Amino acid sequence: MNTKNNKRRKESIDKIQRVFITLLQKQELHEITVAKICKEAGLNRSTFYANYIDIYDLADKMKEHLEEEVNRLFEEEVAKGFNSNDYLKLFRHIKENQLFYRTYFKLGYDNNYRIKLYDTHQAERHFDNQYIDYHIEFFKCGLNAVIKKWLAKGCLESPEEMYEIIQSEYRSRT
């Protein structure tokens, strides 16, 4: 029986996702087929279709999973309405999950992510409450560019060094 929390089902989903991520490092999304994933994962196509509509659904579900994980890193702060600007935990998460983040960026999902970590109250103080949407976009694109560069270099710098790089960009504003 293929129930929602079935161990075998979870293992199949993990296999599908691992193969998908591996293939995506060498190919574009439109070049990857369900048949190829199933062959490399050693699963039947019916197993794939029991969990996903198609390749794009698989990609979307992986995106949602990663965004949920990132949001969980800061859920306590969001719940309290507090922003510590502590990106160290984000950089640690990226270092531990490099392949997932590379996949996320390769799929272009970063352009659609609604940043929840940006402190609009701080921005309102520093920018006299003007053009906040532009400041948020600038911050999001800058942070994404830094993360992409770090991933492209193989995360050679420590999460602490990356955190310091981001903090140094904003020291004059604090």
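1. Helices here are DSSP runs of at least four residues, and strands are runs of at least two. By that rule the protein chain has 10 helices and zero strands. Read from the N terminus, the order of elements is α-α-α-α-α-α-α-α-α-α. The model is a predicted one.

2. On the chain as a whole: 40% of its 174 residues count as buried. The accessible surface is about 11,000 Å², and carbon and sulfur atoms account for 50% of that area. If contacts are taken between residues at least 6 apart in sequence, 63% of them link residues at least 24 apart.

3. The largest nonpolar core holds 40 residues. Phe-20, Ile-37, Phe-48, Leu-90 and Phe-91 have the most contacts inside this core. Two or more residues each come from helix H1 (7-24), helix H2 (34-41), helix H4 (55-73), H6, helix H7 (98-106), helix H9 (132-152) and helix H10 (159-170). H1 is the biggest contributor, giving seven residues.

4. Phe-91 deserves a separate entry. Setting aside neighbours within four places in sequence, Phe-91 is in contact with Leu-143, Ile-147, Trp-150, Pro-159, Met-162, Tyr-163 and Ile-166.

5. His-93 lies in helix H6, which covers residues 88-96. Is His-93 buried or exposed? The relative accessible area of His-93 is 9%, and the limit for buried is under 20%, so His-93 counts as buried. Apart from residues up to four places away in sequence, His-93 touches Leu-66, Glu-69, Val-70, Leu-73 and Tyr-101.

Definitions and conventions. Residues are numbered from 1 along each chain as its sequence is written. This is a predicted model: local features need pLDDT of at least 70, side-chain atom pairs count only at pLDDT 80 or more; totals for chains, interfaces and linings use all residues. Side-chain values use heavy atoms; hydrogens and water are left out. Buried means under 20% relative accessible area, exposed over 50%, partly exposed in between (1.4 Å probe, protein chains only). Contact means heavy atoms within 4.5 Å. Accessible areas come from the Shrake-Rupley method with a 1.4 Å probe; for residues, only the protein chains shown count as cover. A nonpolar core is a set of buried Ala, Val, Leu, Ile, Met, Phe, Trp, Tyr and Cys residues joined through side-chain atoms within 4.5 Å.
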